[in-house]
Amino acid sequence: MSIALRQEYDERGYVIVRNAIDAELARETAEHVHWLAKRHPDTRPEHFHHDMLVTDPFMHRLVGDERLLDIVEQFLGPNIALFAAHYIAKPPKHGQEVLWHQDGSYWPLEPMEVATLWLAATASTRENGCMRVLPGTQNNRLLSRREMIDVPDGKNVLSSGIHPSQIDDSDVVDLELQPGDVSIHNPTIIHGSKPNTLDSWRIGLTLRYIPTSTWVKRETHASIFLRGEKDASVNNLYADRPSYDSAVHMPFRGMDAWIPA
C-alpha cells in the first residue's frame, strides 16, 4: 500500500495518480464515447450512464484493468466491485457544467464506503471544464438530496446542486489531468465543474468502486464484481460477464477474451 497516497487523500479529500493507464487505452476510452454517441444520438454525452455501460464488454475490460484495481485496493481492500460508471463527456463549445455537490447525496449505498476514480480520456483543463474540488469539505456533513436545490434548466449535468449560499470557493482546486491520469475523491467532498466552451472534447469517466461488503440498496441495480470475494451477507446483484458481438459492440484491444469459445 502507498502510505503517501492514502495520507494525501485523507488530508485533502482527493489525490491524483498520473499515467494510471496507458495512452492507447485512454484513446480507446475516448473512442468509446464517440461510438456510443453514434448509437444514442438523442442522449447527451454527459449522460452516458451505468445502465448503458454495464453490459458492454469494453467497459468490463476497462473497469477491471489490474492497474486501476491496484489503485482501488489501497482504499477499499481486496474485495472489489464497481457500483456505477458514468461518462461525463463534454462536447466542444456547449459541454454542460456540473453544479457543486457531494456524490454521496445521490447514492443508495450502506455504508458509504466508496472510492471514485475520475479517469481522463482526453486532457481535462481549466479551459475545458475540468473537475474542481473544495479541499477540506470531505469533513463536512453529507447533505441529503432534500437539502439541495433543483435547477432543471437543462444546462447542467445533475439538474441539482448545493445552494450557492453554502459555498465558499476561495480555496478551489482545479484537477487538471492528462489522458490516462486519474483522480480519486471522497464521496463527501464538494466538487463540480464549469462548462466546456473550447472547440475540443473533454471526456472523463467516473468509476464508483465499492468493497463487496457495501450494500447497494436498489434491488434491480447490477454492479460489476471485479476482484477478491463476494460478501455472502450482502445481497447485491452482479452483472453477468458480457460476450463480445461485432454487430453490437465497439472493437477494442483484447476483445478476443470476450468472444465465446
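Predicted model: local features only at pLDDT ≥ 70, side-chain atom pairs only at ≥ 80, totals over all residues.
Colleague: Which strands stand at the edges of the open sheet of four strands?

Modeller: The strand order in this open sheet is β3-β11-β6-β9, and the pairing is antiparallel. Two of the strands each have a single partner strand, so one side of each is left without a neighbour in the sheet; these edge strands are β3 (98-101) and β9 (173-174).

Colleague: Is Thr125 buried or exposed?

Modeller: Thr125 is found in the loop that lies between β5 (115-120) and β6 (131-133). Not counting residues up to four places away in sequence, Thr125 touches Cys130 and Glu176. Its relative accessibility is 17%, and because a residue under 20% is classed as buried, Thr125 counts as buried.

Colleague: How many residues does the largest nonpolar core have?

Modeller: The residues with the most contacts inside this core are Phe75, Tyr87, Ile184, Leu207 and Tyr209. Leaving aside neighbours within four places in sequence, Phe75 is in contact with Leu5, Arg6, Tyr9, Val15, Ala115 and Ile184. A second, separate core has nine residues, among them Ala84, Trp107, Val114 and Val216, whereas the number of residues in the largest nonpolar core is 47.

Methods. Residues numbered from 1 in each chain as written. Heavy atoms only, no water. Core = buried A, V, L, I, M, F, W, Y, C linked by side-chain atoms within 4.5 Å. Buried < 20%, exposed > 50% of the residue type's maximum accessible area, 1.4 Å probe, protein only. Contact = heavy atoms within 4.5 Å. Pairing = 2+ DSSP bridges.
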